[in-house]
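Colleague: I'd like a close look at one part of this model, the sheet, and then a quick tour of what surrounds it in the chain. Could you walk me through it?

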Amino acid sequence: MIAELGHYALVLAMFLGLIQATVPVYGARRNDPVLMGLAAPTAIGQFGFVVFAFLALVTCYVQSDFSVATVFENSHSAMPLVYKITSTWGNHEGSMLLWVLILAIFGALVAAFGSNLPIRLKANVLGVQSWIAVAFYLFILLTSNPFLRIADAPLEGRDLNPLLQDPGLAIHPPLLYLGYVGFSITFSFAIAALIDGHVDAAWARWVRPWALLAWTFLTLGIAMGSYWAYYTLGWGGWWFWDPVENASLMPWLAGTALLHSALVMEKRNALKVWTILLAILTFSLSLIGTFLVRSGVLTSVHAFATDPTRGIFILAILTLFIGGSLSLFAWRAPLLKQGGLFAPISREGALVLNNLFLVTTCGTVVFGTLYPLILEALTGLKISVGAPFFNWTFVPLFMLLMLAVPFGPLLAWKRGDLLGVAQRLFGAAAIAVVGIAVTFAVEGGGPVLVPFAVGLALYLMAGAATELVERTGLLKVPFGTALARARGLPRSAWGTAFAHIGLAVTLLGIIGETQWGAERIVEVKPGDTISIHRYDFHLDGMTTRQGPNYRELAARFTVHHGGDLIGVMEPSKRTFPSRGTDTNEAALMSRGFAQLYLSLGDVNAEGAVAIRLYYKPLVLLIWLGAVVMAFGGALSLSDRRLRVGAPRPARGRAAMQPAE
Amino acid sequence: MTRKKRRLVLIGSGLGVAALALGLVLYGLSGGIRFFDSPTDIVEKHVAPGTRVRLGGMVKEGSVVHGSNLAVRFEVTDGANSIPVSYQGILPDLFREGQGVVTDGVVEPDGFKADAVLAKHDENYMPKAVANVLKRPPADGGTASTERTP
């Protein structure tokens, strides 16, 4: 019964969506406030119905109702409750429902908190948002209905893919989707502006918080996915340049560019057409990502779908929205009044450079991801584009970008003084040089690029800090004054600094993990001790245990560092009889920012077990950097000038704000 | 600076970055891609020893031989031809005889030396590449699992 109610709620959501997609947009054309006013209540109603549908599906999973096909295929009565809940979206149908749920959340947020938007803009934005929603409701209802019943209900489910039976599934997809799908709002704003044929700095001010919100979630989602893959796949890799990962990286790169160009548009009323194009491209890349992951065109852990009708349906949505929006752009963009050009040496100029690099970097990732698919479709030739390609394209371009990052915030708007900024970055450069020299001395041999990468990371951190030091007058004025000034700085300035420092932190982590780590793959018997990087691992013994829906072989290692006992690590291998598959539960031990990583292989005839043992220095910085970046995003979002729905400040108070 | 000059700087730097990216992409393509071959491709195309490729197919039943020190030998087959593969390391959890496998490595005069083994399957699913090799459509929509060893 509950499944039917959920199904019905989804159909109702689609019909509300149809009203929202047409009536307010028509109202905006006719300038009819009543029709335009329908946008907000329908968006909130739609949200209510989708939430109901989603909760109905969750209920089916929690109750292990195996008469529902997707529950039967992806759940098991013996699974812990948390996995019963998360398996709701651990499959194609459920994850698409999560997709539209998040789309509806963003629509409802605009409806609820967009009271300061002009009514025409709001009506058009919500209308466009609903075009996307209706397309995906149709997709779900016609090709991927999660509520379908099986005639003869089986007694037991086929269990969730063991790799997905992990807390990561509770966090990673929702965060990633909040990011991915969040960019639908900036897309809707862009299309609304094109429909209206009018865009100004105020538009950018309304768009930027949404872009920032989506970007913050996407950053966290990507980092979470990376960490999940790192600990769950059992061999310590944290990024594989897999098309599925690239699918999330592409909108991230474009979205980062969008954040920066919207800044120029807000502050200087320039780059209007470009910002609109970026908003379209970012969401288009989100759609391409959805297509890559959901259509089954790739085969990997994320590609749940193997049904070609779904692939063609998503491809149709993709073509319709990307083709349609780009055509609309080509037709309407010339109507938008161009902003002025500006001096190349200025903050605007630096942000344009940032955009150039981010967009070309994004372009290389798009190419590397789609080229094998296109080549195979056209010629039948099968190739794989792997890490070496991306190391040669993404890495140098991104390094060049990072070299330019500290200049941006230090340059003045309109006309900057490059020499002056270079002088102000002297301290940062000096720190970098010391870092390079120390790394060279400690490393001895090794790749030449490594010390320079370390220098780059230090320079980036010090460069971001330079801005704050200068603006607070730290080192020049008494500490108390500096502290007061620091409090007075706009949150967005702090946000910028944190985001840039986070980038450097991630870079440091990547250098540490890839260049200074150690790895051993050996076979050990109980009683043996093996060592890596002054850590000694003693295999005490192995035990077999029974879990709720798996059997587990665990090996117990006591770990010593320089003779001192520092703990016990217990990697295990789980066998899931319901699926006949094994998973690897690696044991991790953090030592500062470094981690020891231990995972099990097979047991051989003589009773020795194969193990993978890694020492990974600075590895935690990779994800910590992303968290710092996201924190920067959140800080910037909390800046009162951007606060969603904040009442317009009175004139007097506005004048009191710190000068930007 | 005149408007025209400013526009020139903008276009110039755009083209500069694009040219740099294009150069890097071409360079990356020359060394960063692998061809995906079946055992029959390798036999028929007479792939020269020393070439890096991805070899995909099924692990031949009864062909897996474990040696000492984590060395392992097995044969990858597509039904028509099979290629002996040697590998040293831990095989992925999902590696089984009679199941699909993708190996990354170098063609040698007497076989294939893999430096990475990827098993992509569950009980009723076969990766697309392997399915293509075997000229058999994949079975019904099971869940794909990816696993790698470095």
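In which sense do strand β10 and strand β11 of chain A pair, and over how many bridges?

Modeller: Keep in mind that this is a predicted model. Strand β10 (residues 594-603) of chain A and strand β11 (residues 609-616) of chain A run antiparallel, and seven bridges join the pair. Across that pairing, Tyr597(A) sits opposite Tyr614(A) of β11(A). As background, strands in a sheet pair through backbone hydrogen bonds, parallel or antiparallel. Now zoom out a bit: the two strands belong to an open sheet of four, ordered β2-β11-β10-β9 (chain A), with antiparallel pairing. From one strand to the next, the twist averages 15°.

As for the rest of chain A, it splits into domain 1 (1-165), domain 2 (173-183 + 197-404), domain 3 (409-512) and domain 4 (518-617). Domain 2 of chain A and domain 3 of chain A have C-alpha centres 27 Å apart, and their contact draws 12 residues from domain 2 of chain A and 10 residues from domain 3 of chain A. On the domain 2 side, α10 (243-268), α13 (347-379) and α14 (387-404) of chain A each contribute at least two residues. That side of domain 2 of chain A comprises seven nonpolar, one polar and four charged residues.

Then there's a helix pair: the axes of α20 (residues 491-515) and α21 (residues 619-637) of chain A come within 7 Å and cross at roughly 170°, so α20(A) and α21(A) are roughly antiparallel. Their contact has 18 nonpolar, 11 polar and two charged residues.

Terms used: Residues numbered from 1 in each chain as written. Chains lettered and ligands numbered in written order. Predicted model: local features only at pLDDT ≥ 70, side-chain atom pairs only at ≥ 80, totals over all residues. Domains from an automatic or database assignment. Contact = placed C-beta atoms within 7 Å. Nonpolar A, V, L, I, M, F, W, Y, C, P; charged D, E, K, R; others polar. Axes fitted to C-alpha atoms, helices over the stretch in contact; angles between N-to-C directions. Parallel < 35°, antiparallel > 145°, perpendicular 65-115°, else oblique. Pairing = 2+ DSSP bridges.
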